[in-house]
Amino acid sequence: MNPLTPPYTDPANIEAATRRDGYAIVSAPVLASWLPQGLGGLQALQSSWDDLPPDTYLRDGGRYRRRRHSCFIVEGTQVEITPHRAHWQPLEYNALHGGLERWFSPMQPQVTEQPVWSALLRRLGALCSALAPAVPRWYVEAHQFRIDTTDGIGRPTPEGAHRDGVDFVAVLLVGRRAIKGGETRVFAADGPYGLRFMMTEPWTLLLLDDARVIHETTPIQPLDEAGGHRDTLVLTFRAGGFQGPA
């Protein structure tokens with residue numbers, strides 16, 4: 001076996017593994033089985049990653065990131081999109097871009113109005129509620145990312161290993177094209193334990209307990225002169241409200 005093959009979590013033990021280890025890795029077939037629309041519903045979303053505007057807030061001067069961002073409230077089976085708002089993180093969690101209101105273009109209706117989109121948020125919200133039963137509703141920020149090799153190298157996490165300042169983080173690989181690198185790393189926040197693997201199968205899911213682990217993804221490089229990219233969907237689930245300036 002390739003040493004970087006993801007150590008997928010037993011589907012019957014995803015909640016228990018997340019409680020025990022602070023993370024779980026869900027294969028694409030298992031994720032698809034959770035949704036009425038199946039894998040085909042998820043794959044229908046992928047073309048929208050070809051229409052992401054540039055991220056103009058990169059403080060390292062890079063041009064390698066494109067993204068869209070929208071916010072939702074998930075309460076039980078109800079999923080509600082909120083008025084568009086800035087993405088904000090404190091410096092405590094993002095030393096590079098913290099303390100800055102970043103206004104990204106919203107996600108497109110052809111994504112957020114798809115039944116599979118609401119089904120995905122409901123299912124992940126239910127999983128978070130199983131892990132934190134006292135939380136009545138989840139404030140969810142959704143980020144579509146494309147990291148490309150325009151600069152010769154692309155940095156999925158330019159801020160380095162980090163936490164997001166939320167309760168749970170779901171990182172879904174949407175696709176990779178003509179790149180090397182992009183290794184996922186998860187570390188215990190209060191100890192030496194670490195895990196490294198490569199997400200290569202589209203719609204692989206990494207679920208993180210943000211209080212217990214930190215995470216990062218290593219830079220990517222092109223495999224040919226035409227360049228390449230790595231697409232992800234990141235969903236953060238937070239109790240009590242969205243992050244914002246005090």
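**Charges.** I began with the charges of this predicted model. I found the mean positions of the 24 positive and 27 negative charges of the protein 1 Å apart. Lys and Arg count as positive, Asp and Glu as negative, and His and the chain ends are not counted. The place of a charge is NZ of Lys, CZ of Arg, CG of Asp or CD of Glu.

**Ground rules.** I noted that residues are numbered from 1 along each chain as its sequence is written, and that side-chain values use heavy atoms, with hydrogens and water left out. Local features need pLDDT of at least 70 and side-chain atom pairs count only at pLDDT 80 or more, while totals for chains, interfaces and linings use all residues.

**Overall fold.** I listed five helices and 12 strands; these are DSSP runs numbered from the N terminus, helices being H or I of at least four residues and strands E of at least two. The radius of gyration is 17 Å, close to the 18 Å of the globule rule for 246 residues, so the protein is as compact as a globular protein of that length. That radius is taken over C-alpha atoms, and the rule is 2.2 Å times the number of residues to the power 0.38. The C-alpha atoms fill a box of roughly 50 × 45 × 40 Å along the principal axes.

I read 53% of the 246 residues as buried (under 20% relative accessible area; exposed is over 50%, partly exposed in between; 1.4 Å probe, protein chains only). I then looked at contacts (heavy atoms within 4.5 Å). Among those between residues at least 6 apart in sequence, 79% join residues at least 24 apart.

**Glu183.** I placed Glu183 in strand 7, residues 183–188. Is Glu183 buried or exposed? Glu183 is buried, at 7% relative accessible area. Its side chain makes a polar contact of 2.8 Å with that of Arg196 (N or O atoms within 3.5 Å; within protein, one able to donate a hydrogen and the other to accept it; residues adjacent in sequence count only if both atoms are side-chain atoms). Beyond four places in sequence, Glu183 has contacts including Leu4, Phe197, Met198 and Glu216.

**Asp60.** I found Asp60 in the loop between helix 3 (38–43) and strand 2 (65–75). Asp60 is partly exposed, at 35% relative accessibility. Which side chain does Asp60 join in a polar contact of 2.6 Å? That partner is Tyr64. Leaving aside neighbours within four places in sequence, Asp60 touches Arg155 and Pro158. His97 lies 37 residues from Asp60 in sequence and 9.8 Å away in space, C-alpha to C-alpha.
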